[in-house]
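Dear colleague,

Here is the structure that I promised to pass on, followed by some notes on what turned up in it. Please read them with the model open beside you.

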Amino acid sequence: MVVSTEQEHPKKAFGWAARDSSGVLSPFKFSRRETGEKDVSFKVLYCGICHSDLHMVKNEWGSSTYPLVPGHEIVGVVTEVGSKVEKFKVGDKVGVGCMVGSCHSCDSCANNLENYCPKMILTYGSKYLDGTTTYGGYSDIMVADEHFIVRVPDSLPLDGAAPLLCAGITTYSPLRYFGLDKPGMHVGVVGLGGLGHVAVKFAKAMGVKVTVISTSPNKKEEAIDHLHADSFLVSRDEDQMQAALGTMDGIIDTVSAVHPLLPLIGLLKSHGKLVMVGAPEKPLELPVFPLLMGRKILGGSCIGGMKETQEMIDFAAKHNITADIEVIPIDYLNTAMERLVKADVRYRFVIDIGNTLKSSS
C-alpha cells in the first residue's frame with residue numbers, strides 16, 4: 001500500500017476550467033494538495049455534468065469565482081491513502097459528490113447531515129480549510145478527506161454511477177426524509193431530466209406508484225415504457241391535471257426553471273408534501289390559501305449527508321439503478337454545455353476523463 005508522508009509538494013493536476021462567465025471552458029493546469037494523513041487521492045475516471053455546473057460556469061447564481069473547475073459527480077480508483085485513513089485502500093472504486101468538508105462540530109454534522117452544515121465546503125468554487133480554492137472533477141486527480149469519500153460497489157458501472165453522487169442523493173434523500181418511500185404511496189415527479197429520471201427509478205424501487213409530470217407530451221413513451229412510471233401527466237393539459245386533483249401523497253419537483261406551483265399543490269392529497277429539489281434562479285410565486293385548505297406542506301431538500309449518500313449508492317447497487325448517460329470525451333465539453341442549455345441530453349452527460357483528458361494535455 002502506498003501511504004503518504006506529509007510532503008510540502010503539491011500534486012500537479014490537469015483539467016478544464018471556465019475563466020469567466022462566458023460559459024466557455026478550456027484546458028487548465030493547477031495543483032492539488034499533497035495527500036494528508038486523513039486524505040484519499042484517486043485517479044478520476046468519469047465525471048458527470050450537472051445542471052448546477054452550467055449555472056456556476058455562467059455565474060447565474062452570483063457566487064462563482066474564476067478560474068472555476070466544475071464537477072461534483074466524480075468517480076475513480078484510489079491511488080494513495082494517508083497514514084490515518086481507515087476505510088479505503090489503493091485500488092478501491094470511490095466517488096466524491098457535492099461537498100468535501102464541513103465543521104464536524106455543529107448539530108447538523110453530529111446528525112450525519114454535513115450537507116446542512118453552515119460551514120459546508122463545496123467540491124468546487126469554495127474555499128478549503130487551508131484557504132485554497134476547491135477544484136472539481138473535470139480533472140485528472142482528486143484529493144479529499146476520507147469522510148467525504150463514497151465507496152462505489154463493484155456491481156455498479158462507474159460511468160452510470162457518477163451522476164448518483166448528485167442527482168441520485170438529491171432525489172433519494174427527500175423520498176426517505178419526507179416519508180414518500182412507503183409501498184403503495186402515490187408520488188409525482190416533476191421534470192424528466194437528470195434529476196427526474198433518477199427520482200423515478202428510486203421511487204419505483206421503493207415500491208411507490210409514480211406519475212411523471214412534464215410540459216412535454218413527447219416524453220410520455222420514455223417515462224412509461226423505459227423508466228416504468230405508472231402514469232404521465234402533461235402539466236399544460238388542464239383536463240389531465242383536473243382529473244388528477246388530490247391524488248398524490250407527495251411530489252418531488254426537479255425543475256430548475258421558473259414555473260407555477262399552484263397546479264402542483266392541487267395534485268396533492270390533504271397533508272401532501274411538495275418538495276423542491278430544483279433551484280430556479282428567480283423566486284417562485286407561492287399561493288398560500290391552497291396550502292391551508294388541506295394542511296399541505298411545501299419543503300425543500302439539498303443533497304444528503306455522507307452516511308445517507310453511502311446508503312443511497314448501496315441501495316442503487318442492490319436495485320441495479322444507474323443514471324441514463326451519454327458518455328463524452330473532454331474535448332466535447334463546450335458542445336455538451338450548449339446542449340444542456342437546450343435540455344438536449346438523455347439524461348446526463350458523463351465525461352470520460354480517464355480515456356480522453358490526457359489526450360488534451
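Which residues make a nonpolar surface patch of about 600 Å²? The patch is made by Leu 286, Val 288, Phe 289, Leu 292, Met 293 and Leu 298, where patches take residues with over 30% relative accessible area and no salt bridge, joining nonpolar side chains (Val, Leu, Ile, Met, Phe, Trp, Tyr) within 5 Å and like charges within 9 Å, and accessible areas come from the Shrake-Rupley method with a 1.4 Å probe, only the protein chains shown counting as cover for residues. Leu 292 is exposed, at a relative accessible area of 56% (exposed means over 50%, buried under 20%, partly exposed in between, with a 1.4 Å probe and protein chains only).

Please bear in mind that this is a predicted model, in which local features need pLDDT of at least 70 and side-chain atom pairs pLDDT 80 or more, whereas totals for chains, interfaces and linings use all residues. Residues are numbered from 1 along each chain as its sequence is written, and side-chain values use heavy atoms, without hydrogens and water.

A search of the whole structure finds 17 salt bridges, each being a side-chain nitrogen of Lys or Arg within 4 Å of a carboxyl oxygen of Asp or Glu. One of them pairs Lys 201 with Asp 324, with the closest N and O atoms 2.6 Å apart, and both of these residues are buried. Another joins Glu 37 to Lys 84 at 3.6 Å between the closest N and O atoms; here Glu 37 is partly exposed at 32% relative accessibility, as is Lys 84 at 47%. Arg 176, Asp 181, Lys 182 and Glu 311 are linked in a network of salt bridges.

Best regards
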